[in-house]
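Hi,

Here is the structure I said I would pass on.

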Amino acid sequence: MGEERSGRSHLVPLLAIGAVTSLCGIALGLLIDWFPTRASAEGKAIDTLWDVLLIVSVPIFVLVQTIVLYSVWKFRMRPGQELMDGPPIHGNTRLEVIWTAIPAVILVALCSYAYAVLRDIETAEANEMKVRVVGEQFTWTFYYPGEGGGKEVASNQLYLPRDKSVRFDVQSKDVLHDFWVPAFRQKIDAVPGITTRFRVKPTKTGTFPVVCAELCGLGHAVMRQSAHVVSPGQFDQWLSDLRAKGRPGGEQVGGSAAAGGGKAPDGKTLFTGVEPKCSSCHTLADAGSDATIGPVLDKALKGKDAAFIRQSIEDPSAEVEKGFQDGIMPNNYKDTLRPEEIKALTDYLVEVATK
Ligand code: CUA
């Protein structure tokens, strides 16, 4: 009797400490801004799921830690107790049912909820748009349907119209990558040989980072591009520009995003603006870049000519600078830049780096 009563008396302070700490933990957890800006409809359900998991997990964490710390302090061994053991607790059916049933109920409830959220965000909407996303060391290329279902057109920047559902068909040309736009909250592996998918409905206009979230080699950290969410009108204009540029002799309506507004492309802007950015990997004094993942252009291009520079942009494997590894520089600039953009970039590099 006496022992049971003293056991009960431990319960009250334990519960009080646990409740207060849990509330503080939940408040702190909800106050912390865990994620970047949210730009998709699915993001809302995902962020709410996160909050619910947090609210449920904090009290469990606190419960376990409080019991451990309280027991360490209250029931610690005192001098003379070295050979003593606590009272054995065996065959307490009620206790065992409780500590099995409660976690089981919590787990089943959370799994069902998470499954419902997943089902919900994976449901296709009518008239969804498709974008094929292809990862390779170390760049992403985005393919859009051609005019009237014709040949696909490629872009190295992801453009999406606001408030329209899009399905990403994700593929890889070489190793595992992972297509991730943190603002959309979802990501999926790009796996060689198969197509993986997810859906997003962008809800916020702006420019958001596209990240590779799977360690894929030396250039993994620079496998970053941009997702531009624009108004439906701007998107249609952009896509028709992209289609026009793919056509031989196609009229230049707007120019690429880097060159902008129909102006003749400017080499320096292309160098620092076209993605994946030259300036992310190369040092070039004139452009103010100091990255050293690729050769320092102020040195490597000394005495070289336009033909060499053009070849290095279009086919980086043709001649690899000593001390650097082949296959790090993206080899898709030939597809994603217009011929006049490659010329502008070449002319610019001849101008500022060869003398
Ligand atoms: Cu591709 Cu990391």
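This is a predicted model: local features need pLDDT of at least 70, side-chain atom pairs count only at pLDDT 80 or more; totals for chains, interfaces and linings use all residues.

**Aromatic rings**

There are 14 aromatic pairs in the count.

Two charged residues lie over ring faces: R132 is over Y143, 4.4 Å from the ring centre, and K187 is over W180, 5.9 Å from the ring centre.

**The cores**

Which residues have the most contacts inside the largest nonpolar core? They are V131, W140, F142, Y144, L158, F168 and F179, in a core of 35 residues. Helix α4 gives the largest share of this core, with four residues. In general, nonpolar side chains in soluble globular proteins tend to be buried together.

Setting aside neighbours within four places in sequence, V131 is in contact with F142, Y143, Y144, L158, L160, V166, R167, F168 and D169. Another core lies apart from the largest one and has 19 residues, including C278, I309, L337 and Y348.

**Strands**

Strand β4 is covered on both faces: L158 and L160 are buried on one side, Y159 and P161 on the other. β4 pairs with β10 in the parallel sense over four bridges, and L158 stands opposite A227 in β10.

β10 (residues 224–230) also runs antiparallel to β9, with six bridges joining the two; there, P209 stands opposite S226. On to β9 (residues 206–212) and β6 (residues 177–181), which make an antiparallel pair over two bridges. W180, the residue with K187 over its ring, has V211 of β9 as its bridge partner.

**Helices α7 and α9**

Helix α9 (residues 339–353) has 15 residues and spans 21 Å from first to last C-alpha, close to the 21 Å expected. Its buried residues are E341, I342, A344, L345, T346, Y348, L349 and A353. What do they pack against? The list is α5 (267–273), β11 (283–284), α6 (297–300), α7 (306–314) and α8 (333–336).

In α7, the buried residues are F308, I309, S312, I313 and E314, and they pack against α8 and α9. Two names here also came up in the 19-residue core: I309 and Y348.

**E275**

E275 is in the loop between α5 and β11. Is E275 buried or exposed? With a relative accessible area of 6%, under the 20% cut-off, E275 counts as buried. Not counting residues up to four places away in sequence, E275 touches N156, Q157, Q225, S226 and Y333. E275 and I342 are 67 residues apart in sequence, with their C-alpha atoms 13 Å apart in space.

Most residues other than glycine have a negative phi, and most peptide bonds are trans. These spots are worth a look with that in mind:

- Q137 and F138 are joined by a cis peptide bond, with omega about 0°; F138 is in the loop between β1 (129–136) and β2.
- N127 has a positive phi, near 60°, and lies in the loop between α3 (93–122) and β1. N127 counts as exposed, at 66% relative accessibility.
- R185 has a positive phi of about 75° and is in the loop between β6 and β7 (186–190). R185 counts as buried, at 15% relative accessibility.

Happy browsing!

Technical notes: Residues are numbered from 1 along each chain as its sequence is written. Side-chain values use heavy atoms; hydrogens and water are left out. The expected span of a helix is 1.5 Å times one less than its number of residues. Buried means under 20% relative accessible area, exposed over 50%, partly exposed in between (1.4 Å probe, protein chains only). Contact means heavy atoms within 4.5 Å. Two strands pair if DSSP finds at least two bridges between them. Rings of Phe, Tyr and Trp (its six-membered ring) pair if their centres lie within 6.5 Å; planes under 30 degrees apart count as stacked, over 60 as edge-to-face and the rest as tilted. A charge sits over a ring if NZ of Lys or CZ of Arg is within 6 Å of the ring centre and within 35 degrees of the ring normal. A nonpolar core is a set of buried Ala, Val, Leu, Ile, Met, Phe, Trp, Tyr and Cys residues joined through side-chain atoms within 4.5 Å.
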